[in-house]
Amino acid sequence: MSTKTKYVYSFGSGKADGRADMKELLGGKGANLAEMSSIGIPVPPGFTITTEVCHDYYEAGRKLPESVKPEVEAALKKVEEQVGKKFGDSSDPLLVSVRSGAALSMPGMMNTILNLGLTDASVEGLAKKTDNPRFAYDGYRRLIDMFGSTAMGVEHELFEHELSKLKDEKKVKLDTDLSAADLKELVKRYKAVYEKATGEPFPQDPKDQLWKAIMAVFNSWMGNKAVEYRRIERITGLKGTAVNVQSMVFGNTGTNSGTGVAFTRDPNTGENTFYGDYLINAQGEDVVAGIRTPEPITRLHEEMPKVYEQLMDIRQKLEKHYKEMQDIEFTVEDGTLFMLQTRTGKRTGTSAVRIAVELVKEGFIDEKAAISRVNPESLNHLLLPQLDPKSKNKPVAQGIAASPGAASGKIVLTAEAAVAHAEKHPDEPIMLVRKETSPEDVAGMHLAKGILTSTGGKASHAAVVARGWGKPCVVGCEAMKIDEKAGTITIAGKTLKVGDYLTINGSTGDVMIGQVETIDPSVSGDFATLMGWADKARKLKVRTNADTPADAAKAREFGAEGIGLCRTEHMFFGDERIVAMRKMILADDVEGRKAALAQLEPFQKKDFVGIFEAMDGLPVTIRLLDPPLHEFLPHDEKGQETVAKELGIPVQKVKDRVEQLHEFNPMLGFRGCRLPIVYPEIGDMQVRAIISAAIDVKKAGKSVLPEIMIPLIGTVAELKILKERAIKLADELIAASGVKVEYLVGTMIEIPRAALVADKVAEEAQFFSFGTNDLTQMTFGFSRDDIKSFMGTYLKEKILPVDPFQSIDVEGVGQLIEMGVKKGREGRKAKHGEHLKVGICGEHGGDPDSVAFCHKVGMDYVSCSPFRVPIARLAAAQASLAEGGKIARDK
Ligand code: PEP
Ligand code: MG
């Protein structure tokens, strides 16, 4: 007989059934409530229904397992005993909160239901017991609203409408101006709203309330908000959510009560100071919802000195216990402090790095743990552009600095408008401006460059979500008035329209009108320290994709160990160059082409000299011309006339050539290695430019390591022809120069066939670089430039877990890569007895999950854009450290 599964875990009074390491089963919130309770931190008693129940609930077609009921009944009884009150009691009722809590934090997945257990009878009891009917009826009307909207799908606005109406009738402005009698009346109206919407009266049996609330939490796991959040955050593999039922404590019983949220260190900068907000005489959600603007936590020191000191002790105790920065929620009920939550605090990349490094210095963790604590993607934050201090745009208003970095964007006033704008103008930056944000807004928030709200504090929804994503955000900008209907905002006496530019500085809270220039950051201080640790830990080398000396130099500053891809075609677009290029394309014969190429050669050579100089001592992979030639000719009549004039040829000739070059599938057409096979003089010019630049730089005393890369091969014959021709030419030039230049000739693996015959290809290639953009395109048969029309649906319908152009499709494309590496290495070894150098230069080279895959298949290096170099360095270190076991990166 199997042992019975335990579905419910109790906590409270210094004891707990669960532990912090049981997050998968109890969810983050439940596991930490248990942990806090057992280490003697004051936590209101309660219990957690496990994630397994959620899983079984869905397996059984939304039915709860039988044995949950008696376990919940027993756990509730325990709570009643500890608190000394009975659930539903008509004289002194126990009230509970019901909250969701998955293993990974998903803010706002489901709104909390508070005050459960209040009924027409028990509300009277509470009023008498507390001698505060106002408080009792306020609690009751909140319950009807939260329960109605969260558990029963009643529109929250219907309740809000009743509240506003009553305030108008009573001629009062604030909710707090309503009297007990007013709130009693409001309860009556709320109940009517509830009954009309649901077709049944508000439940008067508290157990009925409790079960409906529990089911609502489980149902919310598959709600749109939660599914969307998991998709954006790439959260997969969780069992479900747990449900936490906990006895209520009240922060709204008077001025000796309050509620707050805080971080044990500053989540923006990482500084080791207490950071957060609180509100006196308020219930928990008021702080997070951003409805009232709260006070900074340091002021609590003046208002409630004893509580503040106790909080400071708990802050230390938690950090010492968890060895990590914590995000806490607390409530003070009539002067007594209760902790409602602790969890690993979400933080900006900047603070993640500082905290990780300082925790090592403070002796809490070691360097390896520090490396695993920082999400590579979050480094984006340290690489965020900062506002140009010389900019003339001065701040016109100040909000609360909620998530650092500077952003300029065109104003949109709703999340839907952000989505619509991004679809229409994908290249335009968006600034999402709202009174406050809610979980419904996440899709639009994700697309925005920056977020600005007029209300809310540092722990409001907008702040927490933006920080998690490393998006600049300013909240609580009270000087700004938003008129959603008119599509305008008013700030500092100026009215701006939707579509106007607005700039925010999430590091200072400044708001500026117009678009502001930004400047680039650098790797220094704690960032450099962490990168140093990562470099010691990683096996993969990290190169960069760069086509200019400036980009190459920037990447080197960021730690690039060479160039993995220099796309030479980008060098043909300068004013004079494009003319020569077009001359080449329009030439009638080989001689004409050669003459035009001779004009291009000095430009190419000069570019290569610049890049070689910037990368002194490091390898530089230069790819021969790749795109189809038609990309260099204009397709519109006016452009064609200009070209004709520039080259002194009839316009018809230009038109004819464009026509001739037209292809139905240019990405599968006359491009890559096919170009120099048909026109060898193009390849010759590029090889000459590369080698003669290398000779010059070598002569000037620098060290050069050129690697000539032939793109888009599918057969070994293609490579053999081009390689032999390149070597012959290069060797002649080197021999004539009198200096010794070492160089390699290798190829890209971008066509599935090349991966299939990688052993043969490697006989002719000194290195492989996986061009995973094309490899993904050709393996899926998806045009990489045309995925917009269907990728959204594919992701939504879970046909694909992630966009395969962003993160390697391990299941499919990954097989080709793995095979290509293995066969390539074997082929090279067999024929030449040497190691084949293998790297990746598609966009995936900067994606942490893809970097982990590259590590796993044994590549030598990854190559990515300059700004992703630090991200790749850290991801490579994590992949290396994870070999012995998976690194649990906090999302
Ligand atoms: C690739 O295909 O992955 C690649 C790096 O080349 P490009 O993106 O220039 O086609
Ligand atoms: Mg390619």
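Glu-200 and Lys-212 form a salt bridge in this predicted model, with their closest N and O atoms 3.7 Å apart. Glu-200 sits in the loop between helix 7 (180–198) and helix 8 (206–220), while Lys-212 is part of helix 8, so the pair ties together parts that are 12 residues apart in sequence.

**Salt bridges**

- As background, side chains of opposite charge can pair when their charged atoms come close.

**Two domains**

- The protein chain is split into domain 1, covering 249–347, and domain 2, covering 386–519.
- Where the two domains touch, domain 1 puts in 15 residues and domain 2 puts in 17 residues.

**Where the domains meet**

- About 1200 Å² is buried between domain 1 and domain 2, and carbon and sulfur atoms give 51% of that area.
- How many salt bridges cross the interface of domain 1 and domain 2? The tally there is zero.
- Polar contact between domain 1 and domain 2 comes down to one residue pair, with both residues at pLDDT 80 or more.
- On the side of domain 1 that touches domain 2, the elements giving two or more residues are strand 9 (258–263), strand 10 (275–280) and helix 10 (285–289).
- Which of these elements gives the largest share of that side? That would be strand 10, with three residues.
- Sorted by class, this side of domain 1 has eight nonpolar residues, four polar ones and three charged ones.

**Around ligand 1**

- Ligand 1 is surrounded by 14 residues, and the closest are Arg-567, Arg-623, Gly-771, Asn-773 and Arg-784.
- Arg-567, one of those closest residues, has a polar side-chain atom 2.8 Å from an oxygen atom of ligand 1.
- Glu-750 also reaches the ligand through its side chain: a polar atom there lies 2.9 Å from an oxygen atom of ligand 1.
- With Thr-772, it's the backbone that takes part, as one of its polar backbone atoms is 3.0 Å from an oxygen atom of ligand 1.

How values were computed:
Residues are numbered from 1 along each chain as its sequence is written. Chains are lettered from A and ligands numbered from 1 in the order in which they are written. This is a predicted model: local features need pLDDT of at least 70, side-chain atom pairs count only at pLDDT 80 or more; totals for chains, interfaces and linings use all residues. Side-chain values use heavy atoms; hydrogens and water are left out. Domain bounds come from an automatic or database domain assignment. Contact means heavy atoms within 4.5 Å. Buried area is the accessible area (1.4 Å probe) that two parts lose on being put together, summed over both. A salt bridge is a side-chain nitrogen of Lys or Arg within 4 Å of a carboxyl oxygen of Asp or Glu. A polar contact is a pair of N or O atoms within 3.5 Å; within protein, one must be able to donate a hydrogen and the other to accept it, and residues adjacent in sequence count only if both atoms are side-chain atoms. Helices (H or I, at least four residues) and strands (E, at least two) are DSSP runs, numbered from the N terminus. Ala, Val, Leu, Ile, Met, Phe, Trp, Tyr, Cys and Pro count as nonpolar, Asp, Glu, Lys and Arg as charged, and the others, Gly among them, as polar. A residue is near a molecule or strand if one of its heavy atoms lies within 4 Å of it.
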